[in-house]
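Have the viewer open as you read.

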Amino acid sequence: MCLFLSEESCIFCQIISKIIPSNIVYEDELSLAFLDIFPVSKGHTIVIPKKHYQNIEEISDDTLAHLIIIVKQLSILIRDKLNVEGYNILQNNFPAAGQAINHCHFHIIPRTVDDDKFKMMIPRTQVSNEYLKKVLELLT
Ligand SMILES: [Zn+2]
């Protein structure tokens with residue numbers, strides 16, 4: 001399901017304005033964190049800026065810095081209170097990367113060893129240093 005909607009119909013903006021109820025874990029003037037209604041695991045939390053930014057490229061540096069600190073603090077809280085062994089922090093940008101709601105957000109997904117939730121099955125191939133140098137030329 002793809003939920004690329006305007007700001008007015010953005011589901012996260014509606015959660016911020018309390019039109020849609022949510023289970024709020026944390027809230028301040030810039031950010032809101034709530035429990036995911038489709039959790040991967042117990043305590044799966046979404047952290048969002050209160051202002052509508054479509055992705056990480058749009059978000060102001062100050063707000064992003066604030067958000068990642070909140071993500072860190074909530075990750076520690078979740079690991080401590082829910083007695084989990086680890087967590088994934090996921091942040092997807094654009095549909096190609098799996099972004100389903102176009103309001104910039106972070107997932108905190110609690111994990112335990114062998115929880116069978118998901119594994120990072122990232123196909124990786126070793127490349128030559130010459131290849132890396134060519135890529136570096138494109139980036140610098
Ligand atoms: Zn929004």
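Are Cys13 and His52 buried or exposed? Both Cys13 and His52 are buried, where buried means under 20% relative accessible area, exposed means over 50% and partly exposed is in between, using a 1.4 Å probe and protein chains only. Before going further, a word on the ground rules: this is a predicted model, so local features need pLDDT of at least 70 and side-chain atom pairs count only at pLDDT 80 or more, while totals for chains, interfaces and linings use all residues. Residues are numbered from 1 along each chain as its sequence is written, and side-chain values use heavy atoms, with hydrogens and water left out.

Now to the zinc ion. Its protein donors are Cys10 (SG), Cys13 (SG), His52 (ND1) and His103 (ND1), at 2.0 to 2.3 Å; donors here are N, O and S atoms within 2.8 Å of the metal (3.2 Å for Na, K and Ca), and since water is not among the atoms, sites may look incomplete. Along the chain these donors follow the spacing C-x2-C-x38-H-x50-H. Cys13 sits in helix H1 (residues 11–16) and His52 in the loop between strand S3 (45–49) and helix H2 (61–81), so this pair ties together parts that are 39 residues apart in sequence. For reference, the ideal angle for four tetrahedral donors is 109.5 degrees.

Zoom out for the overall layout. The protein has three helices and five strands, these being DSSP runs numbered from the N terminus (H or I of at least four residues for helices, E of at least two for strands). From the N terminus on, the order reads α-β-β-β-α-β-β-α. The C-alpha trace spans about 55 × 35 × 30 Å along its principal axes, and buried residues make up 35% of the 140 residues.

Stay with the loop between S3 and H2 for a moment, as Ile59 is there too. Ile59 counts as buried because its relative accessibility is 5%. Leaving aside neighbours within four places in sequence, Ile59 is in contact (heavy atoms within 4.5 Å) with Pro49, Tyr53, Leu64, Leu67 and Cys104. Its C-alpha atom is 16 Å from that of Cys10, a residue 49 places away along the chain.

Most residues other than glycine have a negative phi. Lys18, though, has a positive phi near 70°; it is found in the loop between H1 and strand S1 (24–27) and counts as partly exposed because its relative accessibility is 45%. Asn83 also has a positive phi, about 55°, without being a glycine. You'll find Asn83 in the loop between H2 and strand S4 (86–90), and with a relative accessible area of 66% Asn83 is exposed.
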